[in-house]
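Please examine the sequence and the model before reading on.

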Amino acid sequence: MKKALTIAGSDSCGGAGIQADLKTFSANGVYGMSVITAVTAQNTQGVFAVQDIDEKIIKAQIDAVFTDIKVDAVKIGMVSRISTIEAISEKIRQYNPENLVLDPVMISKSGYSLLKPESKTALINRLIPLSSIITPNIPEAEEILNEVNNENIKIETVSEMEEAAKEIYKLGCKSVLLKGGHIKGEAVDVLFDGENIFHYSTERINTKNTHGTGCTLSSAITANLALGFEIKDAVKRAKEYITTAIKHSLDIGHGVGPTNHFYMLYKAGGILND
Ligand SMILES: Nc1ncnc2c1ncn2[C@@H]1O[C@H](COP(=O)(O)OP(=O)(O)O)[C@@H](O)[C@H]1O
Ligand SMILES: Cc1ncc(COP(=O)(O)OP(=O)(O)O)c(N)n1
């Protein structure tokens with residue numbers, strides 16, 4: 001069985017972070033492992049508190065996994081503070097996994113800063129160059145480029161997404177998937193692999209329940225890389241997964257409900273007739 005590791009924060013309501021990643025790995029037929037970087041007190045209405053995990057414990061979790069088990073792909077999500085980024089970067093360089101997906105989580109849909117503002121440069125300099133693919137949403141791509149170029153660019157069209165993906169690629173990663181969840185019209189994601197641009201486009205689903213969409217997409221890419229798919233096919237399969245997960249998203253809680261991983265599992269097992 002292929003095995004994937006998520007290095008990310010815990011979301012107590014189960015819609016994003018580690019919990020979304022492990023559900024996604026399972027639903028994609030991949031064995032999931034986790035290194036917890038932070039614990040958030042979070043629900044569908046907001047993030048209320050964050051406890052960062054000591055970097056010694058983060059490193060010890062990574063060592064425990066890599067010294068025992070072959071890891072086919074790694075995803076990095078919420079990293080919060082500089083010392084966390086430094087610890088992860090050191091261990092990733094030590095163990096050098098074949099596939100590394102970086103979801104540069106910055107601000108939750110509810111508006112909470114999951115990456116401390118002073119950590120942006122460390123994320124850019126220490127994690128992006130190690131990544132097989134980085135998956136920013138539009139506000140994250142703007143933050144990264146504005147931090148690097150000291151500008152105030154806005155990304156509003158698909159051609160601006162293409163330009164931004166090419167600019168982010170120059171920061172040293174092997175490919176960039178710029179997610180279009182935040183622009184108007186179709187949900188178009190743009191992949192640049194250093195040579196070609198690919199578009200992954202679906203209708204925009206009319207739902208408020210999109211908590212954890214970014215985590216779900218990046219962990220589905222990770223699972224598909226672990227299964228041996230090349231980047232553009234891993235992204236294609238992950239896009240199909242997230243689209244189904246949003247189409248059947250769950251009206252749980254009083255705010256922004258989570259994506260649905262159980263739909264795919266039940267459907268695959270023949271329990272759901274649809
Ligand atoms: N309403 C929607 N309908 C269809 N796809 C969507 C919708 N919202 C987001 N997506 C897709 O979900 C994935 C995650 O994108 P996005 O929401 O931009 O990430 P994040 O959660 O990091 O902000 C992308 O593939 C995006 O195109
Ligand atoms: C612990 C944790 N990690 C990441 C996120 C952000 O997840 P995302 O998929 O971008 O979903 P939204 O927060 O935008 O709904 C998170 N909220 N918590």
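Which residues does the UniProt annotation "domain: Pyridoxamine kinase/Phosphomethylpyrimidine kinase" cover?

## Annotated domain

According to the unreviewed UniProt entry, that domain covers residues 11-260; UniProt positions follow the numbering used here, feature names are shortened, and annotations may be inferred rather than shown by experiment. The end C-alpha atoms of this span lie 15 Å apart, and the span is 40% helix and 18% strand. Helices (H or I, at least four residues) and strands (E, at least two) are DSSP runs, numbered from the N terminus.

## Basis of the model

The model is predicted: local features need pLDDT of at least 70, side-chain atom pairs count only at pLDDT 80 or more, and totals for chains, interfaces and linings use all residues. Residues are numbered from 1 along each chain as its sequence is written, while chains are lettered from A and ligands numbered from 1 in the order in which they are written.

Ligand 1 has 18 residues around it, of which Asn137, Gly181, Ala187, Ile205 and Gly214 come nearest (a residue is near if its C-beta atom, placed from the backbone, lies within 6 Å). Two or more shell residues come from each of strand E8 (187-192), helix H7 (213-226) and helix H8 (231-247). H8 gives the most, with 4 residues.

## Helices H1 and H7

The axes of helix H1 (residues 17-27) and H7 come within 9 Å and cross at roughly 40°; axes are lines fitted to C-alpha atoms, for helices over the stretch in contact, and angles run from 0 to 180 degrees between N-to-C directions. H1 is therefore oblique to H7 (angles under 35 degrees count as roughly parallel, over 145 as roughly antiparallel, 65 to 115 as roughly perpendicular and the rest as oblique).
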